[in-house]
Amino acid sequence: GGDITQGSRGLASDAFAAVTLGLIAGWYYILVGLFFVLAYAILVSGSATAAVVLGVLVADALMPYKPPPLAPNAFGRSWVFESWRAYFGWETVQEAALVPGERYLLAEFPHALYPVGQLLSYGVIDHLSRTHKVSGVVATVLLHTPVLRHFYYATGTRAADAKSIQRILKEGGNAAVVVGGIAEMFMDTSDAERIYLKRRAGFVKLAIREGAHIVPVF
């Protein structure tokens with residue numbers, strides 16, 4: 001009853017998905033290049049406009065990140081995520097039902113170079129359970145990355161630290177954690193996907209302490 005399949009919806013939808021997902025996944029490279037361009041414009045050309053843009057980006061990065069409401073929200077349920085899932089021919093297979101009233105820590109694998117699957121899963125929980133909210137978590141540095149931080153806020157994403165995950169569970173939500181983190185990024189090869197668990201016992205201890213069930217998600 002929880003299986004979902006979403007196929008490609010046409011050229012326009014696929015073009016939108018390719019461009020927007022490319023911007024999100026490659027934003028760090030774009031940002032580094034932009035900083036170099038702005039620095040050159042300021043130091044060499046004395047551009048006041050470049051100085052203002054750089055100041056805005058730095059101010060954006062330094063702004064405190066207030067935890068957003070529990071996900072999913074309207075954005076996670078929107079056509080944007082549907083088009084992204086359709087681009088990849090998304091399929092969700094649910095092997096066991098989530099029990100109403102129980103809390104869960106979804107251990108997601110693998111991280112890979114960019115956790116596209118985890119990103120696309122926003123809003124899918126509505127198809128699997130009408131009584132559970134699931135908020136994803138990411139490295140704190142991403143929540144202070146200029147411009148990109150607003151995307152994560154819009155999706156209801158919070159920081160990937162124990163205190164933040166505890167808060168999600170205490171608010172009655174469920175947390176989705178890419179357990180392998182950055183270390184797992186460098187383990188994938190062209191012929192195999194690998195996960196990193198050797199030094200990742202913390203999420204197990206946290207789940208036991210908070211009375212949450214651990215659900216592996218691939």
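Author: The second largest pocket has a volume of about 200 Å³. A pocket here is an open set of points on a 1 Å grid over the protein atoms alone, where a 1.4 Å probe fits, with protein on both sides within 12 Å along at least five of seven lines. Grid points are joined across faces, edges and corners, and the volume is the space filled by probe spheres set on the points.

This is a predicted model, where local features need pLDDT of at least 70, side-chain atom pairs count only at pLDDT 80 or more, and totals for chains, interfaces and linings use all residues. Residues are numbered from 1 along each chain as its sequence is written, and side-chain values use heavy atoms, with hydrogens and water left out.

Now the lining. Tyr65, Pro67, Thr140, Leu143, His144, Arg158, Ala159, Asp161, Lys163, Ser164 and Arg167 line the second largest pocket. Lining residues have an atom within 4 Å of a point. Four of these residues are nonpolar, three polar and four charged. Nonpolar covers Ala, Val, Leu, Ile, Met, Phe, Trp, Tyr, Cys and Pro; charged covers Asp, Glu, Lys and Arg; the others, Gly among them, are polar. Strand S5 (158–159) and helix H8 (162–170) each give at least two lining residues. H8 has the largest share, with three. Helices (H or I, at least four residues) and strands (E, at least two) are DSSP runs, numbered from the N terminus.

H8 also packs on helix H10 (residues 202–210), at an angle of about 35° and with the axes 11 Å apart. Axes are lines fitted to C-alpha atoms, for helices over the stretch in contact, and angles run from 0 to 180 degrees between N-to-C directions. The crossing of H8 and H10 is right-handed. That term applies if the near helix is turned clockwise from the far one by less than a right angle; anticlockwise is left-handed. From H8, the contact takes Ala162, Ile165, Gln166, Leu169 and Lys170; from H10, Leu206, Arg209 and Glu210. Contact means heavy atoms within 4.5 Å. The H8–H10 set has four nonpolar, one polar and three charged residues.

Next, helix H2 (residues 27–43) and helix H3 (residues 48–62). Their axes come within 8 Å and cross at roughly 140°. H2 and H3 are therefore oblique to each other. Under 35 degrees counts as roughly parallel, over 145 as roughly antiparallel, 65 to 115 as roughly perpendicular, and the rest as oblique. The H2–H3 crossing is left-handed. Leu34, Phe35, Leu38, Ala41 and Ile42 of H2 meet Ala50, Ala51, Val53, Leu54 and Leu57 of H3. This contact has 10 nonpolar, no polar and no charged residues.

Helix H1 (residues 11–25) and helix H4 (residues 79–87) cross at roughly 100°, with axes within 9 Å. H1 and H4 are therefore roughly perpendicular to each other.

Last, the backbone. Most residues other than glycine have a negative phi, and most peptide bonds are trans. The bond from phenylalanine 109 to proline 110 is cis, with omega near -20°. Proline 110 sits in the loop between strand S3 (104–108) and helix H5 (116–120). Valine 147 has a positive phi, near 70°. Valine 147 lies in the loop between strand S4 (134–138) and helix H7 (148–154).
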